[in-house]
Every structure is written in structure tokens, then in C-alpha cells.
Amino acid sequence: MIRLKHTLYIRKAWLRKSISTWLMLIVLSCSACMADDFCVVKFGAKGDGKTNDTYAINSAIEASSAKGGGCVVIPKGVYLSHSIHLKSNITLQLDEGAIIKAAPVTDSLAYDNPEQNTSTYQDFGHSHWQNSLIWGIGLHNVKITGKGMIDGTGVLSRGGVRKGYTGPSIANKAIALKDCKEIEISDLSFKSCGHFALLLTGVDDTLIDGLTIDTNRDGIDIDCCQNVVVRNCKVNTLNDDAIVLKCSYALGWAKPTENVLIEDCHVSGFDVGSLIDETYTTNTQKAPDRDGPTGRIKLGTESNGGFRDITIRNCTFEHCRGLALESVDGAAMENINVSGIKMNDICNSPIYIRLGSRMRGPNTLSPSVVRNISISDVTVTDADCRYACLIAGEKGHPVKDVTLKNINIQYRGGITLNDYHNQRGTNPFFYHDGGNYPEPSAHGIQPAWGLSATYAEGIVLDNVKFELLSSDERPMIYKKHVKRMKIRK
């Protein structure tokens, strides 16, 4: 109880300070826009969808920065651009009808090359920031806002090296920030933005509000960040995670992600582009890993520094995978609170809690820890029951103290005992090697249709209801190596 009161006090104090800071930044930004706009058209931008406006946009930012900061305005039009360099004390404002469109790479014009990064514990995309459409490193007081759009269609990719050339020049992110503070990204739309629409690494005191993201890989990646609010966002990512928290080794040290609030967001895995055009089509049924549509909220997989004091509330999931809480690289995941969640048409485990031993990081890191997780007031309809809800620790390292309260999950059913027993191997329960990539489907069809748990302690099911749309031959709950499980009705 003392820990809980202390955590709530810290969070409330941080929120009061953050709200005050954001209000001040908004007032200053609005005053700057009214007093001294640095409109990119004044610096030569055409916005005709044909001219490369990179130089004009960067010139406007440089001019504003030279005067101590201000509002750089992108008026209505289509602005082809390569890498845009943000500066401190800048507001980049995209007016309604304004589109910053990723320009194609040519023999003479390309994106900034990725900087050097000696950390090898995460993939290329997580390890570099300059090879982006818009980027900033070591900045403070930056706002990117407006009713405009950032469009990477056909240009932003997941790759890093331009085919046929020896040097990297392809951009694989829309916005990338590293080692920044006092950031706001609000009201914008993002379309087909490559590996990441937003990659924030070591970025503290951040507000992400009112975004619409419809992209081909990750939506919002929050990596090694503290004091972050993500709210009122719609994120559609068929092929990867929608909103994902990480704590990788990309900074060269293990910084935790902590004090994060995700609220009033909608995540989905519809066909790419069908959120923005409001058709919500489901023609593509598989993500690149050959599993169902992704589009979820997730903690992990990169997990070196730790996850602490994370709140996820009042969010909806549709036509995607379920909630995933994963620590497999030595992080301590603790004090996680999830509430007010609604899910529909879920293709794997509605709730997946995983402690693993991939340990992709320095050999000095301690084993992973997962504890103190509260998930409440969750309603799920039309869920795939092959993998059930999963709570999976490892021998000697159990998942500890998980409370599931006021949960109602409707599964499709239809699995037979033969479906379960005829899987590969002789012990189909939890095939998954803790050193591999964690995903519910990697565990195989479960011996229960509602909940499977292994290597766990202190699991409480309080008013948890599972139901089937069609019959299923497996039991509702299966547990193995579980201590102190309580079921309250």
C-alpha cells in the first residue's frame, strides 16, 4: 500500500507539472505563430507536389532557430522533401490540406545517412534516427502539429541501404527523435511511413495527442522514454505493432521506460490505408510473420532498461492481436495498470504476459522480472481461442502478482482435443523456447481455451468470465508450475 500511494503521488505530481509545462508551451507556440510566422513559402517552397522543397523547409527552420525559435508554417499544398532537420524551440505547423510527402531518392538527392551506433542489441531501424523524413537529436521544446499529413507512400521503407548503392540513403521513418525533452506531436495524420511513423528514443516529457496513423509497419514506438502521455490517437498497423513501449540498448545504456500514460486510443489491423479512407477493409489476413493482423498495444520486445509505472486505460482494439506485456531481455516490468479495455475480432491471445530469456543485450544484465500487474474492466468479443490468455514465466523466474478483475472474454471455440494433441512434439504445452521471439502463436494451441498459465505466482482471477460461441473440447483453465492462484466469483 505504501508503494502504491507513493507511485500515485509521484504520477499526480508529474502530471500537474507536465500539464502546466504543456500549457505554457502551447501559449508560447501560439504567440510565436501569431507574432512571427516563418512560412516556408517565403523561403522558396512551392508546395506543388513536383518541386523538391527540402532546402526551403530547412531554411525556414534555420531562420526561426537563429531568432531563438518560432513557428514554421507549412500552408496547404504538397511539399516533396528529403530529411528535415528540427531545432529546439521550434513549432512545425502543418495547416489543414498541407502534406509533407517523402520525396523519391535520386542519384543527386537522398536522405541523410544514418549516424554511427555501436550498440548491436537491436535491429537497424531502432539504432538510427538521421535516416528519416523528419528528425532531431538533443533538442528541447519542439512541437509538430496541425491538421496536415505526413505521407511516406512508396518511399519510406523498412530497409536501410538503397539498392545498387554502397551507402545507406533510404529513409525508413517519418519522425525520429533521440535524447530530446519537452516534445509535443499532435493532430497530424500519417500514411505509409515505413518502419516507424514515430520513433522516440530517450525522449522525456512528451505529449502525443490526436494523431491518426495508418501505416505499413510500427505506429508509435516509445523507447527508453520517461513522462509520456499518448492520448486520443487512432493507429492502424496491419503488419506491426500500433503503440509499443520498449527499453532497448540503443542509447548505449539501459534506460527504463517509465511514467507512461496511454489513454483513449484505438488500435487496429485493417488493410493499410483503409483507416484513413474509412473503408476498414480486411483483405490481407496475415502479417509478415505469417500470423494474423498485428495492430496492438504492446510492451517489448526490446526490453533491457525496464518498464515501470505504466498506465493503459480506455482503449479499444479491433481486428488485431491482443494486449502483449513482454520482458525477455533482462528488464524489470513492474507496476503495470491496464483498465477499461474493449476488444473485438482478436486473432491471438487477448492477454499475453511473458517473461522470457532471450537476453539480447550485454551479458551484465540481470534476468527478466515481471511483477505487479493489474488488468481490469476488459471486454473481449470474437476472440481466437487457440492460444487462450497466456501467462508464461520460466523455471526459477516466475511471473508474480498478476490480478485480472472484471474480465469478460468471448471466444470463438471450435478446437478439438485432436487439434491440441496432433501438434508437433510430444509436449505441446508451451513449445516456446524462452530464448526466442515471444509471440502467443509460438506457444502452440493451448491445452485450455480460456487461460493457460505456467511458472507464475500470486495470480488472482476476480470476476473473470470466459464464454464460447461454439463448443470446445478443452478445459477452460490449465495451469502448471503455478503457486497461489485464487479464483473469486
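1. Of the 489 residues in this chain, 59% count as buried, where buried means under 20% relative accessible area, exposed over 50% and partly exposed in between, with a 1.4 Å probe and protein chains only. A note on the basis: this is a predicted model, in which local features need pLDDT of at least 70 and side-chain atom pairs count only at pLDDT 80 or more, while totals for chains, interfaces and linings use all residues. Residues are numbered from 1 along each chain as its sequence is written, and side-chain values use heavy atoms, with hydrogens and water left out.

2. On confidence, the average pLDDT of the chain is 91, and 88% of the residues score at least 70; pLDDT is the predictor's confidence in each residue, from 0 to 100. Please keep two stretches in mind.

3. The secondary structure consists of 3 helices and 33 strands, taken as DSSP runs numbered from the N terminus (helices: H or I, at least four residues; strands: E, at least two). Looking at contacts between residues at least 6 apart in sequence, 72% join residues at least 24 apart.

4. Now to the largest pocket, which holds about 460 Å³ of space. Its lining has 28 residues, and Arg-158, Arg-217, Asp-240, Lys-298 and Tyr-437 are the closest to its centre. A pocket here is an open set of points on a 1 Å grid over the protein atoms alone, where a 1.4 Å probe fits, with protein on both sides within 12 Å along at least five of seven lines; lining residues have an atom within 4 Å of a point. Grid points are joined across faces, edges and corners, and the volume is the space filled by probe spheres set on them.

5. What classes of residue line the largest pocket? There are 17 charged, 7 polar and 4 nonpolar residues, with Asp, Glu, Lys and Arg as charged, Ala, Val, Leu, Ile, Met, Phe, Trp, Tyr, Cys and Pro as nonpolar, and the others, Gly among them, as polar. Strand E23 (residues 297-303) gives the largest share of this lining, 4 residues.

6. Strand E23 also deserves a look at its backbone, as Thr-301 lies in this strand and the peptide bond from Gly-300 to Thr-301 is cis, with omega near 10°. For context, most peptide bonds are trans, and most residues other than glycine have a negative phi.

7. Two residues have a positive phi without being glycine. Asp-205, in strand E15 (residues 204-209), has a phi of about 55° and counts as partly exposed because its relative accessibility is 26%. Asn-463, in strand E32, has a phi near 55°; at 29% relative accessibility, Asn-463 counts as partly exposed.

8. Finally, do visit the loop between helix H3 (417-421) and strand E32 (451-468), where Gln-446 sits. His-443 is in the loop between H3 and E32 too. Buried or exposed, how does His-443 count? His-443 counts as buried because its relative accessibility is 0%, and Gln-446, at 0%, counts as buried as well. A polar atom of the Gln-446 side chain lies 3.3 Å from the backbone oxygen of His-443.

9. The side chain of His-443 makes a polar contact of 2.8 Å with the side chain of Tyr-352. Such a contact is a pair of N or O atoms within 3.5 Å; within protein, one must be able to donate a hydrogen and the other to accept it, and residues adjacent in sequence count only if both atoms are side-chain atoms.

Conventions:
Contact means heavy atoms within 4.5 Å.
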